[in-house]
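I opened this notebook to record what I looked up in one structure. The entries follow the order in which I worked.

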Amino acid sequence: VTNQWFLPAVRGDIPPGCAAHGFVCDGTRILVFGGMVEYGRYSNDLYELQASRWLWKKVKPQAPSTGLPPCPRLGHSFSLYGNKCYLFGGLANESEDSNNNVPRYLNDFYELELQHGSGVVGWSIPVTKGILPSPRESHTAIVYCRKDLGSPKMYIFGGMCGCRLNDLWELDIETMTWSRPETKGTVPLPRSLHTANVIGNKMYVFGGWVPQSAGGEISAHDGEWKCTGSFSYLNLDTTEWIGLISDCQEDKSNLLPGPRAGHCAVAVGTRLYIWSGRDGYRKAWNNQVCCKDLWYLDTEKPPAPSQVQLIRATTNSFQVKWDEVPTVEGYLLQLHADSPLPSVAGVPGTGLPETSVLNSQGGSSLHQTLQSLPSVPYPEMKVDHPSQTNNVIPNNNANREPGTSGNTIHPQNVGEINVQVSFSSNSLLKVEGKEKVAAPENKITEETMKNHADATGFKESNAPSVSPVCTSNRLWYDVGIFKNNSAVVSQFYLLPEEMLSVSNKVEGANVPDYRLLKKQDLFPGTTYRFRVAAINGCGVGPFSKISEFKTCIPGFPGAPSTVKITKSLDCIHLSWEPPASPSGNILEYSAYLAIRSTQLQENPSQLVFMRIYCGLKTSCVVTAAQLSNAHVDYTSRPAIVFRISAKNERGYGPATQVRWLQ
């Protein structure tokens, strides 16, 4: 992520610029309805943007079977649920002369049925029960469906109808019944041009125009008003309002977004982004300043990342990765060390570096989506294989293949971790080309992250982290805080004994300063357990499941490199280059193909491999007959899995694992 705006080159029926329009996002398409095209002239046109192709199309929905289609308007709400958009209210101009603006507040309600993928069916006017909300514009509308009860509800809050409103309305979409739910807590001030977003079971309301109170009294109809930076949420399960930032909260150090209205806010995962808006104290246009700042709020701690996966190992280091967690600041990596182990014969198994290969007719490009699958014993490998990757005790459940995460949103790629304010269980952070972290109790001190000169380009932070946690009398040591989802591990931090005894008993004990701690190098032939947790503005989330890897024993060959796959009509050509560290003469190579088996059905994490080549050449042909037995791995995108390993006088080294994308 570049943290930069870009202007896409759009084509098609490009709509005119408009203000206060309706806007919904349905997968990769965006629908825009209505808005003010110029002063006094409003629109009731509907446009669709296919964002995958940046193609605009003006769409013409069928008129309702009863009544007229929506009239031109601005300041309406336009909400998506399932394959339908719900349009409510807004402001129309009664006058046919656009210079003579005669406002008419609306409370009409329409349903727009969408076609799958692209296009719309038409408008309808649902028959509703209960009392319709009063006319208004510049209100908000969100749709929320409780997981356990399953009936979707639309909530309308606030808006403008000559004066600002702070009433809450609920529509049961299944029964089409309007009601006014009773709420607990302090209702936010009446407001318009605010935003409302649902994250989990909460509706977050930020900013907007609020009445300017005079002597504690909210001013009357169409009086003075101001922008606010107040921030609240409504718990939609309990209908209780909770205030997070009050209207009068002072913020001299610019740690919170300033007062604004007409901004936009979007939820990405459990993070809320707030962009722009205008800050005006009175109605006079010359007092209104547009904001150019982007903020975000983390509403809860991040989920646990996937298990740590091995890319490669040496005698004294590991290169590891894990799946990215959306919208996080960094990751805390910890390890637990067994005492150094001597080499034991008869314990097969190797965890393997992985490279995804694109399915193509020509030479394939390799992607660094490096991911290690659990080991399986090779029939030819009857000795302990020290390796450039890992030696895993076979059938160790701690080394199962983790599932892949959903939407991946990268944190902005910057080089500092800074402390920010936290309030309640939330913290608001401002994005200014820097990434900021709020840690529990603000214990992370500001540190410059150092760049490692390795191929992955990850950055490691020297910032202190939460204390190691003792689990089942096993002590976890910090490797460090990492900006990205990969790390080269050659050392870990040792804590003084007296600090260990405190930090394992007291939650939130003082976090050590890494600069003052001793470091311990990794030993050859030693098993290390790893776990990782994600960090965002709310703190450190839960740890991943534990993975276990072993450093190499010197003398065995490394894994073959630069694997290429080319496809012919009825076969596949596999080629590779010799290991970078052969540790002697290479006597032969073996190539393996993951195959379907009943064992795989019982334990999906344990792949079963068939040897398809053994020889001195650095290439081989995989026949259609061999491919017909292949297991298709669906852990991310469908792929066929190959492994290639080299043998020297000591024996076979680790295999390079390749996923050939289907």
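The entries below concern one serine, the strands around it, and the nonpolar cores.

**Entry 1: the model.** I noted that this is a predicted model, in which local features need pLDDT of at least 70 and side-chain atom pairs count only at pLDDT 80 or more, while totals for chains, interfaces and linings use all residues. Residues are numbered from 1 along each chain as its sequence is written, and side-chain values use heavy atoms, with hydrogens and water left out.

**Entry 2: S151.** I located S151 in the loop that links β10 (140-144) and β11 (153-160). Strands here are DSSP runs of E with at least two residues, numbered from the N terminus. Is S151 buried or exposed? I found a relative accessibility of 15%, so S151 counts as buried; buried means under 20% relative accessible area and exposed over 50%, with partly exposed in between (1.4 Å probe, protein chains only). I then listed its contacts (heavy atoms within 4.5 Å). Apart from neighbours within four places in sequence, S151 touches Y144, C145, D172 and E174.

Entry 3: I traced an open sheet of 4 strands in the order β10-β11-β12-β13, paired antiparallel. β10 and β13 (177-179) are at the edges with a single partner strand each, so one side of each lacks a neighbour in the sheet. Two strands pair if DSSP finds at least two bridges between them. I recorded 5 bridges between β10 and β11, where T140 stands opposite F157. Between β11 and β12 (164-172) I recorded 7 bridges; Y155 is partnered with E170, and M160 faces R164. β11 and β12 form a hairpin with 3 residues between them, and G162 in the turn has a positive phi of about 85°. Because 8 of the 8 residues of β11 are buried, β11 is largely enclosed by the rest of the structure.

**Entry 4: the cores.** I looked up the nonpolar cores, which are sets of buried Ala, Val, Leu, Ile, Met, Phe, Trp, Tyr and Cys residues joined through side-chain atoms within 4.5 Å. The largest has 25 residues, of which F318, V320, L333, V489 and F530 touch the most other members. β44 (527-536) is among the elements that give two or more residues, and gives the most, with 4.
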